[in-house]
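Here is my note on this model, point by point. Please read it with the coordinates open.

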Amino acid sequence: MSPPGTPADERLLYTPPTDVMIVTTPFVPGYKITRVIGATFGLIVRSRGLGQNIWAFFRSWGGGEIKVYTLLLEQVRHQAMERLSAHAKSLGANAVISVGFDTSEMGTVMTEVLAYGTAVVIEPDVSQPQPVSLR
């Protein structure tokens with residue numbers, strides 16, 4: 001979700017990919033995994049502009065959220081998800097499970113964001129539920 005005050009057309013950029021199902025869980029309810037392809041990722045390195053760094057420096061004196069960085073990280077995470085989706089799709093997957101993010105700084109002005117997960121092929125699970133017994 002975009003920060004308040006973000007123009008409506010810019011908010012549309014943050015919708016999740018629709019061609020590949022992406023979940024943080026190790027399964028997708030209502031689906032069965034028919035094939036595990038393997039690790040997939042989306043990586044992006046982004047630099048902050050000089051103007052953003054100067055503004056953030058002065059903003060940090062007063063405390064509180066530095067919205068310019070929040071927006072930047074939101075954009076970068078979304079781009080990493082798009083790349084994750086594209087990579088998984090290129091491997092033949094239609095879903096990515098166990099998705100996570102890793103973020104680190106490179107130097108003093110660059111941020112690396114890695115989205116990673118397991119590329120899988122899923123299909124709707126139409127089998128009848130099996131009773132569970134505790135015996």
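**Notes on the predicted model**

1. Overall fold. The protein has three helices and four strands. Helices (H or I, at least four residues) and strands (E, at least two) are DSSP runs, numbered from the N terminus. Read from the N terminus, the order of elements is α-β-β-α-α-β-β.

2. Ground rules. This is a predicted model, in which local features need pLDDT of at least 70 and side-chain atom pairs count only at pLDDT 80 or more, while totals for chains, interfaces and linings use all residues. Residues are numbered from 1 along each chain as its sequence is written, and side-chain values use heavy atoms, with hydrogens and water left out.

3. Confidence. pLDDT is the predictor's confidence in each residue, from 0 to 100. Its mean for the protein is 82, and 76% of the residues reach 70 or more. Where pLDDT is low, the predicted coordinates should not be read in detail.

4. Buried residues make up 27% of the 135 residues. Buried means under 20% relative accessible area, exposed over 50%, and partly exposed in between (1.4 Å probe, protein chains only). A contact means heavy atoms within 4.5 Å. Of the contacts with a separation of 6 or more, 76% join residues 24 or more positions apart.

5. Main core. The largest nonpolar core has 14 residues. Such a core is a set of buried Ala, Val, Leu, Ile, Met, Phe, Trp, Tyr and Cys residues joined through side-chain atoms within 4.5 Å. Leu84 and Val96 have the most contacts inside it. Two or more core residues come from each of α3 (67-90), β3 (95-106) and β4 (110-124). Helix α3 gives the most, with six residues.

6. Leu84 and the second core. Which residues does Leu84 touch, leaving out those up to four places away in sequence? They are Ile22, Thr40, Phe41, Gly42, Val96, Val99, Ala115, Tyr116 and Gly117. A second, separate core has six residues, among them Val28, Ile97, Val120 and Ile122.

7. Salt bridge Asp19-Lys89. The structure holds two salt bridges, each defined by a side-chain nitrogen of Lys or Arg within 4 Å of a carboxyl oxygen of Asp or Glu. In one, the side chains of Asp19 and Lys89 meet at 3.1 Å, N to O. Asp19 lies in the loop between α1 (8-11) and β1 (21-22) and Lys89 in helix α3, so the pair ties together parts 70 residues apart in sequence. Asp19 is partly exposed at 42% relative accessibility, and Lys89 is partly exposed at 47%.

8. Salt bridge Glu123-Lys32. The closest N and O atoms of Glu123 and Lys32 are 3.8 Å apart. Glu123 sits in strand β4 and Lys32 in strand β2 (residues 31-47), so this pair ties together parts that are 91 residues apart in sequence. Glu123 is partly exposed at 35%; Lys32 is partly exposed at 39%.

9. Surface. The accessible surface comes to about 8,900 Å², and 61% of it belongs to carbon and sulfur atoms. Areas come from the Shrake-Rupley method with a 1.4 Å probe; for residues, only the protein chains shown count as cover. Val45, Met106, Val109 and Met110 form a nonpolar surface patch, together about 280 Å² of accessible area. Patches take residues with over 30% relative accessible area and no salt bridge; like charges are joined within 9 Å, nonpolar side chains (Val, Leu, Ile, Met, Phe, Trp, Tyr) within 5 Å. Val109 lies in the loop between β3 and β4 and is partly exposed at 31%.
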